[in-house]
There are 2 protein chains.
Amino acid sequence: MNPSEPQPALICLDWGTSSLRAYLLDGAGEVLAQQQRPWGIMNLPEPLEHAPPAQVPPAQANDARFKHALQDTCGPWIQAHPHLPLLACGMVGSAQGWREAPYLASPTTLGGLAQSLGVVTRHQGMPLHIVPGLLQSGSLPNVMRGEETQVLGVLATCANGAEQPLLIGLPGTHSKWVHAQGQQIHHFLTFMTGEVFAALKNHTLLGKTMQPAQTPDDDAFRKGLQVVRSGAHPAGLLSHLFSTRTLGLTGQLPPTAQADYLSGLLIGHEMAGLALHLQASTQPLPQVVLCGEPDLCRRYSIALQCWDLGTPMLAASATVRGLWRIALQAGLVDGHAKPASLTEGTFQ
Amino acid sequence: MNPSEPQPALICLDWGTSSLRAYLLDGAGEVLAQQQRPWGIMNLPEPLEHAPPAQVPPAQANDARFKHALQDTCGPWIQAHPHLPLLACGMVGSAQGWREAPYLASPTTLGGLAQSLGVVTRHQGMPLHIVPGLLQSGSLPNVMRGEETQVLGVLATCANGAEQPLLIGLPGTHSKWVHAQGQQIHHFLTFMTGEVFAALKNHTLLGKTMQPAQTPDDDAFRKGLQVVRSGAHPAGLLSHLFSTRTLGLTGQLPPTAQADYLSGLLIGHEMAGLALHLQASTQPLPQVVLCGEPDLCRRYSIALQCWDLGTPMLAASATVRGLWRIALQAGLVDGHAKPASLTEGTFQ
């Protein structure tokens, strides 16, 4: 081993519902190696060696599946470096996960999260620590699990600048919009936009006439946004949705444009809701940062500008950055976090 | 045959996507007999006798399936009374149906509909007439097919009174709200409420924790309505949906109450959209009439009152009444329409 080479310092895991991403980090929080498996908590592999299901208690079988997924993904790293700490975030800490890391009350801070890690004791090896999710109480409660880590990662990328208030958008299956600043998570909203889009596309009449497009049809997407933005059609989302069909029936929306139009309607309604929420606040509009899959961030960037919510900054690599920051704060590792890239939005 | 007994005068068919309902009517439009089959246009029976599919052109095979479904449902009536006229409404007249009855432009009248019937020529027997659907042009077009007949049926039940403007609500997979008066259909809206409910319940995270309730949970339904009605949560439907999960996670909404709560959220958003649409009109609030499945009408009745849209009247048997009225107007039969039952809403 060359002593001048960076040495592994942490194994961190982004362990969600549908996939498991693992990263080997050095003492500066840089990624030395990574692995990805489809072993989300709802899709764990069956260990070959264990006894037939009927003879194994369910909790023990569950434990064996998680162990097997971890071994399959990180086995060589753990074998080579048996004393590395392990830190995970995401649905692995839910009631359906490996071990429940109970929700921490929001608002909270980096310190609060780092003090509240769940632990899976591993028989022969270092324990696996799990970042808790956040629960925001109120007449309509809100929860997140995994996104708190992304948010801390995004905040870390701004550590060199003034600690200005940010509105961090995490578009996806369940879009989150998080008011945060410095090391604090203040308040957040959830929109089920991505999951509703998939359910409408795959399981209603609207999907039956859709055909895949070669490239995203931004005109159709903007047309969907404008139905909401114009205010000319006050009957709301459940009414607007049907126009995906009727514009198709009347030859005004080709089959290849219908999915992007529907996406525009839904993201448009998310923007309208976000804008009303922001109007209800006495604070000035915070700087918006988007963090997510590039094509989604591009769409949200268009939509934000359509609602006059400013030009978003774009953040990358937020989960790994957040896990590193939590590991540092919790004393699992020593080191110095490095700011990751944060770039001006360019999708206009 | 006893000459004093009512004689059959019309076979009418309510032929939709998932089922076929057939009625034998006498010369006063009264139902003498009825049949129901699951032979919706997307679920037609395969005739046993026809040649293997590869040897039959698709159009001919399609024709054979519709013929077989008609024969299976109404065969004995047609055999006993081979000269009875036949009139159908619904998706049987769509592009995916037996023969397309092109959309008629809305606004329209009873006379306009009766003059525009589509026709399926039957080799040995009377032709099958088909009521066209309606197309309302505009920047967001709207369509209906089958509901125009229901609306005429509802209007017939009011023929004895003053011809006041009505707002006719037809809750269901795609709820329709129709401004109509006398023999005229003026304007209509569509909300995809029922289909969105089913897609969310069956194909998203929200359905995973739901358990069936023994009886409808009206408290949960009203709680969902109030989230929308109160205005305290301005972020809109895509945000409100997630509370079905979070209220469950925090023990405030039992699994058996979650479907009714979700129903309340969705019907609440339909009401909010309808109310905004009505506010944009300079006309006074019309009398509301509901026509549909009893439990749905009960829910909508609660919701209408929650939005101060009045106590709805309830109409029954509207499709048969509408088909009879169109048959009379088109000269397919001679007779006198009788008003059907229209009762005060009692679900408060």
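**Strands and the interface**

Analyst: β5(B) and strand β9 (residues 134-136) of chain B pair in the parallel sense over two bridges. This is a predicted model, where local features need pLDDT of at least 70, side-chain atom pairs count only at pLDDT 80 or more, and totals for chains, interfaces and linings use all residues. Residues are numbered from 1 along each chain as its sequence is written, chains are lettered from A and ligands numbered from 1 in the order in which they are written, and side-chain values use heavy atoms, with hydrogens and water left out.

User: Why are β5(B) and β9 said to pair?

Analyst: Two strands pair if DSSP finds at least two bridges between them. β5(B) and β9 of chain B have two bridges, so they qualify. In β9(B), Leu135(B) is the bridge partner of Ala105(B).

User: How many residues of chain B are in contact with chain A?

Analyst: 44 residues of chain B are in contact (heavy atoms within 4.5 Å) with 44 residues of chain A.

User: How many salt bridges does the rule find across the interface of chain B and chain A?

Analyst: A salt bridge needs a side-chain nitrogen of Lys or Arg within 4 Å of a carboxyl oxygen of Asp or Glu. Across this interface the rule finds zero.

User: How much area do chain B and chain A bury between them?

Analyst: Buried area is the accessible area (1.4 Å probe) that two parts lose on being put together, summed over both. Here that is about 3,700 Å², 77% of it on carbon and sulfur atoms.

Key: Helices (H or I, at least four residues) and strands (E, at least two) are DSSP runs, numbered from the N terminus.
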